[in-house]
Amino acid sequence: MTAPAIRTLDGLRAIAVSLVLLLHFGYLNGGWIGVQLFFVLSGFLITGVLIADREAPLGAYLRRFYWRRTLRIFPLYYGYLAILFLCYAVWDRPADLPGSAVPLLTYTYNFTRAASDWQSSPFFTHFWSLAVEEQFYLVWPFLVHALSRRALIGVSAGLVVLGPAIRGATAAFLADGRTAYDIGDAVYWFTPSHADAFAAGALVALLRLGERVTRPALVAAVAAGAVAVAGAVNLSLLRSSGADLPIGTLGFPLASIANHFHLWGYTVLNLAAAALVAAAVGAHRRRGLLAGLGWGPLAGLGKISYGVYVLHWPLLVLFNASVRYRPMSMRGALMCAAWFALVVAVAWVSWRFYEAPFLALKDRGPGRARVPAPAVEAA
């Protein structure tokens, strides 16, 4: 039997995906921070699940993990891609789909960002982060099964320390003939650039930091405060050097390499996100401000956050084709709320009537538990 999910973590998921939605609607340039929170959450959850199962033989351990991950991730992802291919067959749209088909189908789309002729598409550009997640799933289960807890802690801590060096080396390799933004964006999409995000989450699980947090609201406040201070200092420095950046960047401009942001910025965000994850776990079954993360509607949004993430940007394209508004206006705010509600409604329908039947199979066949159930369940 699967252990109950920690609702406060669902609340964190809801916040993370809401930040991404605000980014793409044009309200919060720093909303990409939500993706970092997702990566850290994934490192925590996946490590917890794998640790609980690793006493099983390697074959059974891998079959259970990949069976369950496949049922959670593949149906919506490949179902959505099937719709895109159908649209292309009928209307030749999205026009750039054929050139991206193989990377999309093989979860290697993130590597296309290094190409000099790369172009963005609201129909699938956001799938780069799903590719990063899948590549993490290909490596981490083997390390968890092979290494002792002490060794895993050492590896995870080493990855956190080496994160800036990995991003710095990647930026140096890509520097020839590219703009600063293209370099920064390619670094952002490169899977090893986020090894420290997954590792930071893994450390929370391996060190059981959530169980040690007795004042979760204070931990969360310190983490948020550290991000705010670092962002304010960076924003001030960038503006003083002539950069015209809105306050909505929060001092963390997307894909920036100015002020060596790619070296320290992700580390600050990842460590703060790890502290938030630990605080959310610590707030589970406790009273207090942070326990509000488990509030029903917020946790419910977190539960369907995968569908919200997959579907929100194409739904924005369709929404904008039907409605005219200026984002920075009262009508724009109302339209943002309407689009948000539309995304949540469609994601809920997808969850309830399409994804749930697949999820019901997670504990059958290869997914049947052979060891005690994990304390937390990856969504």
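What is the mean pLDDT of the chain, and what share of its residues reach 70 or more? The mean is 94, and 96% of the residues reach 70 or more. pLDDT is the predictor's confidence in each residue, from 0 to 100. Where pLDDT is low, the predicted coordinates should not be read in detail.

Ground rules, quickly. This is a predicted model, where local features need pLDDT of at least 70 and side-chain atom pairs count only at pLDDT 80 or more, while totals for chains, interfaces and linings use all residues. Residues are numbered from 1 along each chain as its sequence is written, and side-chain values use heavy atoms, with hydrogens and water left out.

The largest nonpolar core has 99 residues. A nonpolar core is a set of buried Ala, Val, Leu, Ile, Met, Phe, Trp, Tyr and Cys residues joined through side-chain atoms within 4.5 Å. Buried means under 20% relative accessible area, exposed means over 50%, and partly exposed is in between, with a 1.4 Å probe and protein chains only. Leu9, Trp32 and Phe127 have the most contacts inside this core. Take tryptophan 32. Setting aside residues up to four places away in sequence, its partners are Leu23, Tyr188, Phe252, Pro253, Leu254, Phe261, Tyr266 and Leu269. Another core lies apart, with 5 residues, including Ala171, Leu174, Ala186 and Val187.

Next, helix α7, residues 180-189. Helices here are DSSP runs (H or I, at least four residues), numbered from the N terminus. How many of the 10 residues of α7 are buried? The count is 7. They are Ile183, Gly184, Asp185, Ala186, Val187, Tyr188 and Trp189. Their cover includes α2 (33-53), α5, α6 (149-174) and α11 (261-283).

That brings us to charges. The whole structure holds 7 salt bridges, each a side-chain nitrogen of Lys or Arg within 4 Å of a carboxyl oxygen of Asp or Glu. Helix α7 takes part. Aspartate 182 pairs with arginine 113 at 2.9 Å, N to O. Aspartate 182 sits in α7 and arginine 113 in the loop between α4 and α5, 69 residues apart. Arginine 113 is buried at 4%, whereas aspartate 182 is partly exposed at 26%. A network of salt bridges links Arg113, Asp182 and Asp185.

Another pair: arginine 167 and aspartate 196, at 3.0 Å. The former is in α6, the latter in α8 (residues 195-206), 29 residues apart.

Aspartate 363 bridges to arginine 68, with the closest N and O atoms 2.6 Å apart. Why does this pair tie together parts that are 295 residues apart in sequence? Because aspartate 363 lies in the segment after α14, and arginine 68 lies in helix α3. Arginine 68 is buried at 7%; aspartate 363 is partly exposed at 39%.

Phenylalanine 358, in α14 (residues 330-359), touches Leu71 and Pro75, not counting residues up to four places away in sequence. The C-alpha atoms of phenylalanine 358 and leucine 71 are 5.7 Å apart, across 287 residues of chain.

Now the end of α3, residues 58-91, and what follows. Leu86, Val90 and Trp91 form a nonpolar surface patch, with about 370 Å² of accessible area together. Patch rules: residues with over 30% relative accessible area and no salt bridge, like charges joined within 9 Å, nonpolar side chains (Val, Leu, Ile, Met, Phe, Trp, Tyr) within 5 Å. Areas come from the Shrake-Rupley method with a 1.4 Å probe, and for residues only the protein chains shown count as cover. Valine 90 is exposed, at 52%.

Last, the backbone. Most residues other than glycine have a negative phi, and most peptide bonds are trans. Aspartate 92 has a positive phi, near 60 degrees, in the loop between α3 and α4. Arginine 93 and proline 94 are joined by a cis peptide bond, omega about -5 degrees. Tyrosine 107 also has a positive phi, about 55 degrees. Tyrosine 107 is in the loop between α4 and α5, buried at 6%.

Terms used. Helix = DSSP H or I, 4+ residues; strand = E, 2+ residues; numbered from the N terminus. Contact = heavy atoms within 4.5 Å.
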